[in-house]
Amino acid sequence: MLLTAIVFLPLVGGLISLLAPDRAARWIAAIFTGVVFLLSLWLYFGLLGNGAPNFGSVTSPQWYLDVPWIDSAIGTFHLKVDYAVGTDGLSTIMLILNGLLSFLAVIGSWRMEKRPRFYFAMMLILETGVMGVFAAFDLFLFILFWEIELIPMFLLIGIWGGARREYAAWKFLIYTLVGSAFTLVGIFLIYFQTGGQSASFQHFAQTAPTLAGTLPFFGGSVSLALAVFLLLFVGFAVKIPMWPLHTWLPDAHTEAPTAVSVLLAGVLLKMGAYGLIRICLGFAPHGAQEFAPVLGVLAAINVLWGAGASMVQKDMKRMIAYSSVSHMGYVLLGVAAAAAIGSASIDYRQAALTGATLQMFTHGTITAMLFFSVGVLYEKAHTRDIDIFGGIGKRMPMLMLLYSVACFAALGLPGLSGFVAEYLVFTGSFATLPVATIFAAFGVVLTAAYLLWMLRRSFYGPLNMKWDWLTDASVREAFPLVALAVVILFVGIYPQPIINLLTPSLQQLLHGVSGLAVH
Amino acid sequence: MTSTIGLPQIWLLSPELSVTLLSFVVLGLDLVTRRKTVTWATALIGLLIPLALTFSLAFNWFGARSTSGFYGMLKVDDYAIFFELLFLLIGFCVILVSYRYVEKYLRASPGEYYSIILMSLAGMMLMGSSGELITIYISLELTSIPLYILAGLSRTDTRSAEASVKYVLLGAMSSAILLYGMTLIYGATGTTDLLEVAKATTTVLHNGNLLLIVGEIFIFAGFGFKVSAVPFHMWAPDIYEGAPTPSTLFFSVGSKAAGFAALLRVFVFGGLVALNNDYLWVMVAVVAALTMIVGNVGALLQTNIKRMMAYSSIGQAGYLLVGFAALIIHKSAVGNQAMMVFLFVFVVTNIGAFTGIIALADATGRENIRDFDGFGRRSPWIAAGMGVCLLTLAGIPPMAGFWSKLVIFWAAWGQGSGMTLLVILGLLMSAVSIVYYANVVWRMFVIEPEKKREFVQTTPSVGLTMAIAVIGVFALTILFGQLMVQVGVGANSLFNVLVR
C-alpha cells in the first residue's frame, strides 16, 4: 500500500491543484511532493531494523502488492495483466531520486506565473508516471506507466518552454513514440515466447536464462534473445539517450523551463537506463551478451560525442544537456561490461553494474544541481550565453561555490559522488571491455575541460562591469542546490549504504549473466 | 427452434420493436406540439424502455430466453445483446448531444430528426441480431436510408446536400455489391440461413470453391463501404464534413459498429471463415494495412476537424480489420473478442471527441482544427474531456484505448510473419496517429486564443454527454479485465456453431 500511495498521491495532488486557486497550487504541489518524498525515504528506512536488512530483488521484492486486473483466456490465448508493484534496491534508489527531484523541482519553480495550476498539475502527473515505471512489477503495467509521462512532458515543454518550444516538444514526442512502439513489439515477443501466461517480472526473471533459440527473419534467422533485447532496447535507447538517437535531448533541454529540465535529465533519462538494466539485461541476458561489444562501442561514442559537443556550445544549458549524453554513456558502458562475454570474474561485472546504477543516481543529482544553477543565473540575467558573462562570481559568491561543487562532482573529483560511480564503472569495465574503456576514459578529461573552461569564462576572472548589478541567489533559490550538494557530498564520502542497497538486486541480475559466461 | 410466433418470440424482438414504436411516437408528437424539448425528452426517456427490455433479455428476467426466434431469422445470443446495448448507448448519446445543434442549424423540425435517428437505430440493432442473409440486407437498408436523410438535413448548406447525394449513390452501389455477394452464397449453398450456410461449409462446400470466394469478396466489399475500409473509404471524408455534426457522430460510431456487427455475424456465425482461409486472409490483411496507412496519414493532412475525424475513424477501422485478419487465421473467439472490446472503447471515446466538436460548433459555428486554438482556456472542462477522449483514441496509456489496441495487436501477434508485420505496421501507425490527435490537444491547451475570445457557453446536454463519455472511459479502464471477460462471453456465443 505504501508503494501505491507513492505512485498515486502525486496524481491526486495534481487533480486537486487543477481545482485549487492559482495561488494555492504551488503549496499543494509542495505538500504532495514533500509527503511523497518522505514516503519514498521510508521505502529504505522502513526496511532497516534489526540485523541485516533485506532490500529485495526481482524474484523476492519488498513492499510487494499484486492485484489482478485483466485476466482473459480464450483457447490458448491468455492475457494476464496484474497491478503488481514492488521494490528492490534498484527501484528503491530510483524512487527516492524521483521523490527528491520532484520536490525540489516544485520548490525551484515557486515563482511560476504562467498558468500555475496547470503547470503544477502536469508536474505531479509526470511524477506519478515516473514513480509507476520504477515501481511496476508487471511488464504491461510497466509500459503503461512508461507512456504516461509523455503528454505532461509534451505540454510542459510546449507551454512553458523557450522560443523554439514547439519544435522541441514535437521532436520529443515523436522520438519517444516511435521508440516505444518498438519496445511494445519487444514486449509482445518476450511475452509470447515465455509461455504467454504471465507478464510478471518474477516470471521473466525465471525464464530469462532459458530464452534461447532463433526466429525466422526474412529468409534468414536471428537469435531470439538478441531480437527481444534489441526491440525492447530501442525505446530505452531513445530515452537514455544513446547516440545516434539523442538529438531530441539538447533541444528539449534548451527549451524546457529549469525545473522541467531538472526532471527530464534527473529522472526521465533514468527511466531508459532502468529499463535497460531491469528489463533488457535482466530478462534477455543472452541478447545483452551478444550485443555487449556493440553496446560498449556505442557507449564510448556516447561519452566522447557528448563531451565533444559540450565543448563547443555557447549556451550554458545546451552544454549541460550534451554533458548528460556524455554521462549516460558511462551507464551504457557499465551495463555493456557487466553483460560482455569473457573470462572476467563476477566481481568485475558487479563493480561495473554497481557503478552504472550509482551513476544513474549521482548523475540525477549532479545534473539537477547544474540545471538549477543555470536556472538561477538565467532568471536574473535572462541569458545563458557563456561568453557574455565574466567574473560574475564576485557578485554571486554563493552561486559560484555551489555551481563549482556541481561541476567538480560532474567531472569526477574524488570525494564527490561522481567519482565513486565513474571509478566503479571503469574498474569493472576495463576487465571485460578494455578498448572501449580506454576511449571512454578520455571523456573524463574532456568533461573537466569543458566544465572548468565554462566556469573560468563566466564566473572567474575580472568582473565584466555590465553584470555589476547581479545579486546572489536567494535562500529559496539556493535551497535545492544546497540539498543536492549535501547528497552529492554524502554519497561521495560514504557510498556504502547505497552500494549495500543495490547489491542484492544486482547480484540477482548478474546471476543470469554470469551463468552464461561459463558456457 | 419453436415454430409458433407467440409472446416469447415477441419478447426476443421487443428491443427493436420498442425502438421502432418510439420513433413513430416521436414523429407523431411532432405533429401535435412544436416544443422541441418535448420530442427530445420523449426520445431520451423512451429509450429507457428498449434498454430495460434488452436487460430483461440479457439477464433472463422472464425465464430463460431462446437464443433463436422467428424461424432462425432472429438470433438473440450474447453477441446480439452486446451490440444492442452498444447501439442503445450510441442512440442515447447522439440524441442527448443534438439538442442545441438541431435548434440552431437544422431547419427540419426536431421531432423528425430524432425519429429518423431512432429508425436507423432499430436497423442497426437488427444488423447485429439477424441470423439470415435477407434479413441482414433489409436491416442494412433500414439503417442506411435514414442515414442518407440525416446527411442532408442541413437544408441551407450545399455541402450537406452534396454529402447526402454522394451517400445515396455510393450506399446504393455498396448495397448492390453486397446483395450480389449474398446471391452467390445462396447459389453455392442453396440457403440464406446462416446456420445452414455454416453447416454447408462442413459438408457440401470445399476449400477453394470459386463461387464462395467471389461471394465472400463481394460481401466483404459491401460491408467495407459501411465500415469505410480502404479502398471503399472515399465517401467518408466528404460526408463527414458535409453532414450536420451530430449526424456525423452517428455515422462514425453507429454505422461503423453496425457494419462490423453484421460482418462478423456473416463471416463467423455463417461459418465462412472456416473455408478459404488463405484467400480471405490475404484480402483482409491487405485491406487492413491500406486502411491503417490511408486513414492515419490522411488524417495528418487535414485542416477541417471533421475530415480529420473521418480519416481517424478510417484508421480505427484498419485496427479492427487487423483483429478480423487474426480471427480468420486462428478461427477462435480471441480476434472476435478483441474487435468487440475495441469497438466499445472506440464508440465511447469517439462520442467524447465529437461532443467537443459539437460544443465548439454550437458556440461559434466553426469546425477547423485551427478554431480549437485556446479552446482549453475558453471552455476548460469540455476541452479537458475532449483531450482525454482524443488521447484515448490515440491509444495513449493508461486509458482503455491503450488496452483495447493492445488486445487487438496481441490477438494478431505470432500468427505467421504476415500478421507480425501487420502488427508492427499498426504500432507505427499508432505512433503516427498520436501526432494528429496530440495536435488538437496542443492547439486546445498550448496555443493562446487569437484575440481575447469570450468563454464558450455550453448547454447542459453537451456537458452531460461529455461526462458520460469521460466517465465511461475511466470506468472502461478500471474495469477492463471485467469488460474482457463479459465481451468474451458474447464473442464465444458466435463461435458455438462453428465447431471444427
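The structure is a predicted model, in which local features need pLDDT of at least 70 and side-chain atom pairs count only at pLDDT 80 or more, while totals for chains, interfaces and linings use all residues. Residues are numbered from 1 along each chain as its sequence is written, and chains are lettered from A and ligands numbered from 1 in the order in which they are written.

## The nonpolar core

A residue is called buried if 20 or more other C-beta atoms lie within 10 Å of its own, exposed if 12 or fewer do, and partly exposed in between, with C-beta atoms placed from the backbone. A nonpolar core is a set of buried Ala, Val, Leu, Ile, Met, Phe, Trp, Tyr and Cys residues joined through C-beta atoms within 7 Å. The largest such core here has 417 residues, and those with the most contacts inside it are A:L332, A:V335, A:A336, B:A325, B:F342 and B:A412. Helix α14 (residues 333–364) of chain B gives the most to this core, with 22 residues; helices (H or I, at least four residues) and strands (E, at least two) are DSSP runs, numbered from the N terminus.

Two residues are in contact if their C-beta atoms, placed from the backbone, lie within 7 Å. Leaving aside residues up to four places away in sequence, B:A325 touches B:W281, B:V284, B:A285, B:A288, B:A412, B:M419 and B:L422.

## Helix pairs

Axes are lines fitted to C-alpha atoms, for helices over the stretch in contact, and angles run from 0 to 180 degrees between N-to-C directions. Angles under 35 degrees count as roughly parallel, over 145 as roughly antiparallel, 65 to 115 as roughly perpendicular and the rest as oblique.

| Helix pair | Angle | Axis separation |
|---|---|---|
| α14(B) and α19(B) (residues 460–478) | about 155° | 9 Å |
| α1(A) (residues 2–19) and α2(A) | roughly 175° | within 9 Å |

The angle between α14(B) and α19(B) makes these two helices roughly antiparallel. Their contact involves, among others, B:V345, B:V348 and B:I351 of α14(B) and B:V462, B:M466 and B:A469 of α19(B).

In chain A, α1(A) and α2(A) are likewise roughly antiparallel to each other. Residues that make this contact include A:L2, A:I6 and A:L9 of α1(A), together with A:I28, A:F32 and A:W42 of α2(A).

## Two helices followed along their length

The expected span of a helix is 1.5 Å times one less than its number of residues. Helix α2 (residues 22–45) of chain A has 24 residues and reaches 36 Å from its first C-alpha to its last, close to the 34 Å expected. Its buried residues include A:A25, A:R26, A:F32 and A:Y44. A:F45 also belongs to this helix, but A:F45 counts as exposed because it has 10 C-beta neighbours inside 10 Å.

Helix α9 (residues 210–226) of chain B has 17 residues and should span 24 Å, which agrees with the 25 Å between its end C-alpha atoms. Among the buried residues of α9(B) are B:L212, B:E216, B:F218 and B:K226, and the buried residues of this helix pack against α7 (158–189), α11 (245–269) and α12 (277–300) of chain B.

## Where the chains meet

In the contact between the chains, 31 residues of chain B are in contact with 28 residues of chain A. The elements that give two or more residues to this side of chain B are α14, α17 (400–412), α18 (417–445) and α20 (480–493), and α18(B) gives the most, with eleven residues.

Most residues other than glycine have a negative phi, and most peptide bonds are trans. Another cis peptide bond joins B:V230 and B:P231, with omega about 10°, and B:P231 is in the loop between α9 and α10 (235–242) of chain B.

A:R115 is not a glycine, yet its phi is positive, about 45°; A:R115 lies in the loop between α3 (89–108) and α4 (116–135) of chain A, and is partly exposed, with 17 other C-beta atoms within 10 Å. B:F70, also not a glycine, has a positive phi of about 50° and is found in the loop between β1 (68–69) and β2 (74–75) of chain B.
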